[in-house]
Amino acid sequence: MSDIAERVKKIVVEHLGVEPEKVTENASFIDDLGADSLDTVELVMAFEEEFAVEIPDDAAETILTVGDAVKFLEKNTQ
Amino acid sequence: MRRVVVTGLGTVNPLGCGIETAWANALAGNSGASRVDHFEVSDLACQIACQIPRGDGSNGTFNPDDWMEVKERRKVDDFIVFAMAAAEQALTDADWKPTSYEDQTRSGVLIGSGIGGLMGIEDGAMTLRDRGPRRLSPFFIPGRLINLASGYVSIRYGLKGPNHAVVTACSTGAHAIGDAARLIALDDADVMVAGGSESPIGRLALAGFAACRALSTHFNDEPEKASRPYDRDRDGFVMGEGAGVVVLEEYEHAKARGARIYGEVIGYGLSGDAYHITAPSEDGDGAYRCMSAAMKRAGITAAEIDYINAHGTSTPMGDEIELGAVERLMGNAAGNLTMSSTKSATGHLLGAAGAVEAIFSLLAIRDNKIPPTINLDNPSIETAIDLAPNASRDREVNVALSNSFGFGGTNASLVFRRVDA
């Protein structure tokens, strides 16, 4: 797992209070990890903070799974 | 109107987490006050507070993990966590966790707070100023709103009846219980989870209440001596934190399921001083009319009141004004009354005070014991009323009245009576 994936996983575990093994690439924040719409807003903020990037609202709406987040961050950070 | 009884009690307050620990400490005359040591107080006029004993949850200490998951807890201010702890205790005590749709829709919540998530608002304001609007959490608003204490309790237990909250400063807890009892009396619900919660202990509230000249400032080196209602050396209240929650229930509903009954809510009175934003009216007329209204609703005479849990915050003005109003109410029966201020031990829990003190009043009825007014060494005024200085009282308590008065000139009195089995 890439460094970015590891950091994403850590944030998801902390914010959603879920078991690390549930945080797989295909896991959906809402359907699989128990997040509600406000949790996903906060998660995106946490990604922005951790990776020092800005995630515009329209991009944030496409980040539905752990893998979506990793892909976006791999593309948009050095 | 339908009769309303109390079937469950819950609290976390500076004397302990759980009814029995807090009550034992109140009866023993133990103070909950200490120096504040988890944030900077050196530049504050008041450097002390009555803080909840935090610990691993054993021996009446408060362990937040026992009451709310970390994941949920970090989204909200402590007044919501305290309310969840007290509500869980009260609902467990009452053995009322409704599962059918019918029972859930007949059960509601009415938990208030004086100032709600003040500390979270302070933090949020700093975040906005220093880091900009995009860094403000989506939980900033729902974690601070006063009625979210009721909201969280309603969601956790599936309570689908009235979902309400009261905000009347230091009368909040009493108004919440009184108003919730009326909702049951008027058939809007059969069961209500009611009370108050407050988490004010931080620099902003300590500085703010000190600016209103409401806090004790001369006992920073002897915190446990600072809250001393009716004593000549009193100089202001000591801020407390915590929650009190009761389960109120329609009498026949409680009887039918064999619930334990702590007492009946027989009286509830409300009044306004229409005088000053922070000072009580000097003639005590608002307090007198409030108690009179509660007594009239209860259909009792003053001579029938055994115990009054006073508002008694330890401010120079307020204590004697309330005492004068009680003397006027009691008339010739004053000599048979015991009145104590448990704020001498708990400090002033602001919006939670009225609920915690209602609980102490009900436990006085349960045990025929009255907690003392501690630190009352030299009364500033003579009275025929027994103020229970420094020692608890063993006496029959069938009827207890609890007073709460708040900024804005808002007053509430509750009257409870023993229900014979």
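Entry, confidence. I'm working on a predicted model. I looked up chain B, and its pLDDT averages 97, with 100% of the residues scoring at least 70. For the complex, the predictor gives an ipTM of 0.89 and a pTM of 0.97.

Entry, positive phi. I found B:Asn368 in the loop between helix H13 (353-367) and strand S12 (369-370) of chain B. Phi of B:Asn368 is near 55°, positive in a residue other than glycine. Is B:Asn368 buried or partly exposed? B:Asn368 has 25% relative accessibility, so I log it as partly exposed.

I then went to B:Ala388, which sits in the loop between S12 and strand S13 (393-394) of chain B. Phi of B:Ala388 is near 50°, again a positive value in a residue other than glycine. B:Ala388 counts as buried because its relative accessibility is 0%.

Entry, interface. How many residues of chain B are in contact with chain A? I get 11 from chain B, against 16 residues of chain A. The two chains bury about 1100 Å² between them, with 42% of it on carbon and sulfur atoms. I count six salt bridges between chain B and chain A. The side of chain B that touches chain A divides into six charged residues, four nonpolar and one polar.

Key. Residues are numbered from 1 along each chain as its sequence is written. Chains are lettered from A and ligands numbered from 1 in the order in which they are written. This is a predicted model: local features need pLDDT of at least 70, side-chain atom pairs count only at pLDDT 80 or more; totals for chains, interfaces and linings use all residues. Side-chain values use heavy atoms; hydrogens and water are left out. Contact means heavy atoms within 4.5 Å. Buried area is the accessible area (1.4 Å probe) that two parts lose on being put together, summed over both. A salt bridge is a side-chain nitrogen of Lys or Arg within 4 Å of a carboxyl oxygen of Asp or Glu. Ala, Val, Leu, Ile, Met, Phe, Trp, Tyr, Cys and Pro count as nonpolar, Asp, Glu, Lys and Arg as charged, and the others, Gly among them, as polar. pLDDT is the predictor's confidence in each residue, from 0 to 100. Helices (H or I, at least four residues) and strands (E, at least two) are DSSP runs, numbered from the N terminus. Buried means under 20% relative accessible area, exposed over 50%, partly exposed in between (1.4 Å probe, protein chains only).
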